[in-house]
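Subject: Structure for you to look at

Hello,

Here is the structure I said I would pass on. Please open it first, and then read the notes below it.

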Amino acid sequence: MNVATTTAAATKLPLTFACGLYDRMLRLYTGEVQPAGIDLIFVANDEPRDIFDRMGGKLEFGASEMSSSEFISRFATGQCPFVAIPVFASRVFRHGFIFYNAISGIRVPKDLEGKRVGVPLYTMSAAVWIRGLLQHEYGVDLTKLRWVQGALKKAGSHGSPTVAPLLKPPTIEINSSGKSLSRLLADGDLDAVISSRPVEGIGTDPGIRRMFPNYREVEKDYYRRTGIFPIMHLIAIRRDVHEAHPFVAQSLYDALCEAKDRALAQMKERGALRYMLPWLPADMDEIDEVFGGDPWPYGIEANRRTLEALVQYMVEQHFIAKRIPIEDLFVAGR
């Protein structure tokens, strides 16, 4: 490396960035895309809960993937140690993540009322979204569900979150059975489970069923009617980093947009399949038809409906006292 190159590198701000190694992030990991003025140290971690706990509890990274519901909860307290940019590392439709045991008598969403429902974390973004769609799409009275909280595929708890307390906490039973939520569901000790991942037994145990077995069609209809593509994770930057180096937010936002655009362009290349998805060409045709070319937009305006729904659900579920203007949540990417 020559002197000029060494000097240029030395002027860049070192910044650790913890995130899952998603296709939309890959080019930052490889260095193919570099944020201006930043020497990005990409900490690849495919366990989001671990990232959230380390960032939320210890401020371990300069920037990271972060639970959207946990960020908004902490932002509403007025004492949030982070700022956010409207880059959405993870988003997932959630109709396909509602499971029940056939012996429970559950057949339709309203049947969840009065039942024992497992959830890894009541405060996790996936659970906020699922409760919101159950209430708004299917008229489920959430106050009538009896919650049991614990890890999905092992005994004990799901991570060690640092979250703001709920303003009106529901009654939540902590799973101390020594069994996972998946095992409790299979044994009939839980009637249903909502989660961010599939329960064990789905597809192999005929008694474990999805509320919406045709969830792909249900989710497409939901998106066409509402314009909502649920956001799970955004990108948070430590507030002290932002205040000391305000350029970081826009620089990181621009680089993340470029990395995502390159990933999308490669996914659309039909000559050789980018992923091990045999019908990817047909899937891409469908995605273009439903989403108009970009299924994963960043920025505020392209995601306003989704973000406003999330904030509304968090008010209704007693995470925050009142709605927050969407613009107030983000420091770049307007």
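Aspartate 221 is partly exposed, because its relative accessibility is 39% (buried means under 20% relative accessible area, exposed over 50%, partly exposed in between, with a 1.4 Å probe and protein chains only). Its salt-bridge partner is arginine 225, with 2.8 Å between the closest N and O atoms. A salt bridge here is a side-chain nitrogen of Lys or Arg within 4 Å of a carboxyl oxygen of Asp or Glu. Arginine 225 is also partly exposed, at 47%. Both residues belong to helix 7 and sit four residues apart, about one turn of the helix. Helices (H or I, at least four residues) and strands (E, at least two) are DSSP runs, numbered from the N terminus.

Some background: this is a predicted model, in which local features need pLDDT of at least 70 and side-chain atom pairs count only at pLDDT 80 or more, while totals for chains, interfaces and linings use all residues. Residues are numbered from 1 along each chain as its sequence is written, and side-chain values use heavy atoms, with hydrogens and water left out.

The whole structure holds 29 salt bridges. Another of them joins lysine 268 to aspartate 288, at 3.8 Å from N to O. Lysine 268 is in the loop between helix 9 and helix 10, and aspartate 288 is in helix 10, so this pair ties together parts 20 residues apart in sequence. Glutamate 327 and arginine 304 form a salt bridge too, with their closest N and O atoms 2.3 Å apart. Glutamate 327 lies in the segment after helix 11 (304-316) and arginine 304 in helix 11, so parts 23 residues apart in sequence are tied together. Arginine 304 counts as buried because its relative accessibility is 19%, and glutamate 327 as partly exposed at 31%. Arg216, Glu217, Lys220, Asp283 and Glu286 are linked in a network of salt bridges.

Six of them form an open sheet in the order 8-7-6-9-5-10, with mixed pairing; two strands pair if DSSP finds at least two bridges between them. The edge strands, strand 8 (172-174) and strand 10 (208-210), each pair on one side only. Strand 6 (residues 116-119) and strand 7 (residues 146-149) run parallel and are joined by four bridges. Valine 117 has tryptophan 147 of strand 7 as its bridge partner.

Regards
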